[in-house]
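Here are my notes on this one, jotted down as I went through it. Have a look at the structure first, then read on.

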Amino acid sequence: MGDRGTASGVAHATPREPRPYDRSAAERTVRPGQRAQALPLVALGALGVVYGDIGTSPLYALRQCFIGPRAVPQTPENVLGVLSLVFWALVLVVAVKYLTVLLRADNQGEGGILALLALATSHHAPTDDASPRRGAHVLAALGIFGAALLYGDGVITPAISVLSAMEGLEVATTAFRPVVVPLTVLVLAALFLVQKHGTGRVAAVFGPTMLVWFVVIGVLGARAILLEQPGHPSVLHALDPRYGLAVLTSHVADAVFVLGSIVLVVTGCEALYADLGHFGARPIRTAWYAVVFPALVLNYFGQGVLLLEGGVASRHPFFDLAPEWGLYPLVGLATLATIIASQALITGAFSLTQQAVVLGYAPRFPIIHTSDVERGQIYMPHVNYGLMALCILLVLSFRSSDALADAYGIAVTGTMTITSVLFYQVARRHWGWPLPAAAAVTGAFLVVDLAFLIANLDKIASGGWVPIAIALAAYTVMTTWKRGRSELASVLIRQGTPVERFVQELREQPPRRVPGTVVYWTSNTGSIPAILERNLAVNHVLHERVVLLSTGSAQQPRVRDENRTIVLDLGEGVYRVLAFFGFMERPHIATIAACCATHGLLLDVASTDFFVSADRLLATGPSRMARWRKQLFALLARLTPPMTSALGIPPERVILLGREVEL
């Protein structure tokens, strides 16, 4: 960034298109407090956030294999085979793919599919390919659709988790059956309504509660294994992968249905990867191997003991593990665990939306920070109430966890498959893996992912269409917003006055200058904002200092303050400021002003006026976007709060100027 090398810190430049931000300059930052915390404490926190979804899968996953229209016969061979598939799914998908390999694919310490997408499509990734940008648009489309699928997962997980916990009441007595759905709706409504108060205090008990949960389900499973009756095959035989292969090969027609249920065991893997930035790889791995994996295996195998001994499939093998006196406490504990699992998905949806906003794939939804200490604790009202409405609608429509299970799996397996494709690009471009190694590892991942995905395709008609519909809606909004912003920028550039000509006109015909500084926010860095020209033409005055402010996103999670802003002196008292924020950061005017001060440009927010465009978009222009997309983009633009709100600019300092713009 040679333009910065001036004594005052403000770069003097000839009026021209500013140099693009060098994204490689942003350095990795250390997460606050991460080093100060002991590994066991961080691992305990990971139990409460990372493993809620996977940890509550025993409530419904194994049961789905032996009930309903896709059930396999409850024979000893099938029980052992299904248990073997469960065990090796946990090993291959969770332990090998995500914990061993994908947790290494971090974007400056952050994980998740959008972080992986930013890494895979990085302009500066080293490659021996003569066309490093080849296929970038395809990868971007895949990554965005994978992120959109997570919204479908975020809707179904709270619904099926809480509903399956409430169904434990039916095991005690059928008298509770009529109240299962109403109780589920009440729990879900309460869960979403408390989001606005923040999760800091509640999160303090997440880890200990989930630790109790894993200990209890592990003990229940171990108890059943130790009390296993003679005369039946030992459930421990299921550790042999040949039993799983036997089920798949001897019941080819049923194998697809079996895998469609087995995938429920590994739901939550993407959430595990997305929470990498909150805890780090080592605590996540420690929690898995020390607590989660043993507890899950013991519980699944304990349920298998009941099935081997002829347990009635219509009952609930998970709750049947509990002694009679422990049934109601187990239902209460399961409810708490499913609430925690749901909470993790809700906050994950907030974080995902925040990343999409900063990367330019979503409108600027209002973001409320619920903690003065932890930057990751945010609340997004629009997202929260949208999820709540969809979750409650699903419960009222499907009315049982068995029916909801048909809607579960498509979103998870779709995202898992897309993650594997993006991983190949990262392995080749960033890690420098040779083609055979990258292809072999990615191919192994895809064999498992595609098997699960294909196994879930038959669920589309009976409920799998729900997450697909949610994902398509989210994908349409995200791609329309991205494309619309690009088209609008092109229109504004064509209509705007080039910087060189505007500065030359100021020099040749200087207008009346008044004291003070004014800031014009603009997304167009290629020309002078139309609102500046309109204000000058109407009022015939110009402030002594005019700042053209634009914000952009970096492909890193966070940007160091010394690399955050570029300040260019365009001449005649006009300055261009480019401010960059990582996709895990919230842009704020106070941060921008502080960084500008280090370059010699002082902005007193309290005494500076901010001019912002309030244009009305019309879908009648020459843009090549489809008319319905233009109309959707115009609607989203009208519903989006102004950038001044997102930047935290005091309302009394904002001046709105508008016009009609044909797109």
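1. Let me start with an arginine. Arg560 comes out as partly exposed, at 29% relative accessible area. The side chain of Arg560 pairs up with Glu562 in a salt bridge, 2.7 Å from N to O. Glu562 is partly exposed too, with a relative accessibility of 45%. Keep in mind that this is a predicted model.

2. Next comes the pair Arg564 and Asp561, whose side chains form a salt bridge at 3.0 Å, N to O. Is Arg564 buried or exposed? Buried: its relative accessibility is 3%, and the cut-off for that label is under 20%. Asp561, on the other hand, counts as partly exposed at 43%. The pair also belongs to a network, in which salt bridges with shared partners link Asp561, Arg564 and Glu585.

3. Then there is Glu572, which makes a salt bridge with Arg507; the closest N and O atoms of the two are 3.4 Å apart. Glu572 sits in the loop between β6 (565–571) and β7 (574–581), while Arg507 is part of helix α23 (residues 499–508), so this contact ties together parts 65 residues apart in sequence. Both ends are partly exposed: Glu572 has 31% relative accessibility, and Arg507 has 44%.

4. How many salt bridges does the count come to? The answer is 8.

5. Searching the whole structure turns up 2 cavities of 30 Å³ or more. The largest cavity has a volume of about 370 Å³.

6. What lines the largest cavity? There are 29 lining residues, and those nearest its centre are Leu150, Glu270, Ala271, Ala274 and Gly348. By class, the lining splits into 16 nonpolar, 9 polar and 4 charged residues.

7. Which helix gives the most to that lining? That would be α17, with 7 residues. At least two lining residues come from each of α5 (113–120), α6 (136–166), α13 (269–274), α17 (327–358) and α20 (410–429).

Terms used
Residues are numbered from 1 along each chain as its sequence is written. This is a predicted model: local features need pLDDT of at least 70, side-chain atom pairs count only at pLDDT 80 or more; totals for chains, interfaces and linings use all residues. Side-chain values use heavy atoms; hydrogens and water are left out. On a 1 Å grid over the protein atoms alone, a cavity is a set of points where a 1.4 Å probe fits but cannot get out, and a pocket is an open set with protein on both sides within 12 Å along at least five of seven lines; lining residues have an atom within 4 Å of a point. Grid points are joined across faces, edges and corners, and a volume is the space filled by probe spheres set on the points. Helices (H or I, at least four residues) and strands (E, at least two) are DSSP runs, numbered from the N terminus. Ala, Val, Leu, Ile, Met, Phe, Trp, Tyr, Cys and Pro count as nonpolar, Asp, Glu, Lys and Arg as charged, and the others, Gly among them, as polar. A salt bridge is a side-chain nitrogen of Lys or Arg within 4 Å of a carboxyl oxygen of Asp or Glu. Buried means under 20% relative accessible area, exposed over 50%, partly exposed in between (1.4 Å probe, protein chains only).
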